[in-house]
Amino acid sequence: MGLTERPSKDDRFALTDYFIGDKNSIELTFEQYNELLAARDLLLHTLQMDEKFFAASEHYRELEEYGFGVSLENLLYLRTDARAFYTVGFQFGRRLSALLTAVGLYIDSIVSHGRAITSGSVTDKEFKKLTSIEYDKSFDYRVMETLRNYVKHQGYPVHSTTFKHNRPK
């Protein structure tokens, strides 16, 4: 059977273990084969959502680390040159843009992954409604979406940076 052909009930199916030369196999019915395919698809969609969430989380961690590092550097060394000033704004904007893009990718894919994970029992319309409810309830979500839209269609969201210096005497 080729990769594009659909299996039929007349085909034979087996779950085979080729680990370290062991060629044991378990015969499967057509129904068991289809259940395994469905389970694999469910796991793949779950994994893909998890990877997108992890990417967004990592971008958030990198943004926070950068902000902390720059703040600490300014506290200790009081850098005031123009190059450092513009570099900080650019790097912060770049990291924020990456975070917003990753979050957007996650949010945009929730509908398709949700449909697959629930086997269609929750419709696209229901997922979109739930997302819309969260959007309406959360000021933070609305700000994030506005920033994401700006990044997508205009440019980096950070144009300048300012640091206050209050050193204890």
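## Second largest pocket

In this predicted model, 13 residues line the second largest pocket. Nearest to the centre of that pocket are Ala56, Tyr60, Leu99, Val103 and Met144. The pocket has a volume of about 220 Å³. Two elements each give two or more residues to its lining, namely helix H1 (30–77) and helix H2 (82–117).

Sorted by class, the lining of the second largest pocket consists of eleven nonpolar residues, one polar residue and one charged residue.

## Packing of H1 and H2

The axes of H1 and H2 come within 9 Å of each other, and the crossing angle is roughly 160 degrees. Angles over 145 degrees count as roughly antiparallel, and H1 and H2 are therefore roughly antiparallel to each other.

The crossing in which H1 passes H2 is left-handed. The contact of H1 with H2 has 21 nonpolar residues, along with eight polar and three charged ones.

## Chain overview

The protein chain contains four helices and two strands. The chain has 169 residues, and buried residues make up 21% of them.

## Residues in H2

Is Gln91 buried or exposed? The relative accessible area of Gln91 is 19%; buried means under 20%, so Gln91 counts as buried. Along the chain, Gln91 and Tyr156 are 65 residues apart, while their C-alpha atoms are separated by 9.8 Å.

Phe85 has a relative accessibility of 34% and counts as partly exposed. That value lies between the cut-offs of 20% for buried and 50% for exposed. Phe85 is 77 residues from Thr162 in sequence, and the C-alpha to C-alpha separation of the pair is 8.4 Å.

Ser119 is located in the loop between H2 and helix H3 (124–137). Most residues other than glycine have a negative phi. The relative accessibility of Ser119 is 68%, so this residue counts as exposed.

Phe127 belongs to helix H3. With a relative accessible area of 15%, Phe127 is buried. Which distance separates the C-alpha atoms of Phe127 and Ile110? The two C-alpha atoms are 7.8 Å apart in space, and the residues are 17 apart in sequence.

Definitions and conventions: Residues are numbered from 1 along each chain as its sequence is written. This is a predicted model: local features need pLDDT of at least 70, side-chain atom pairs count only at pLDDT 80 or more; totals for chains, interfaces and linings use all residues. Side-chain values use heavy atoms; hydrogens and water are left out. On a 1 Å grid over the protein atoms alone, a cavity is a set of points where a 1.4 Å probe fits but cannot get out, and a pocket is an open set with protein on both sides within 12 Å along at least five of seven lines; lining residues have an atom within 4 Å of a point. Grid points are joined across faces, edges and corners, and a volume is the space filled by probe spheres set on the points. Ala, Val, Leu, Ile, Met, Phe, Trp, Tyr, Cys and Pro count as nonpolar, Asp, Glu, Lys and Arg as charged, and the others, Gly among them, as polar. Axes are lines fitted to C-alpha atoms, for helices over the stretch in contact, and angles run from 0 to 180 degrees between N-to-C directions. Angles under 35 degrees count as roughly parallel, over 145 as roughly antiparallel, 65 to 115 as roughly perpendicular and the rest as oblique. A crossing is left-handed if the near helix is turned anticlockwise from the far one by less than a right angle, and right-handed if clockwise. Buried means under 20% relative accessible area, exposed over 50%, partly exposed in between (1.4 Å probe, protein chains only).
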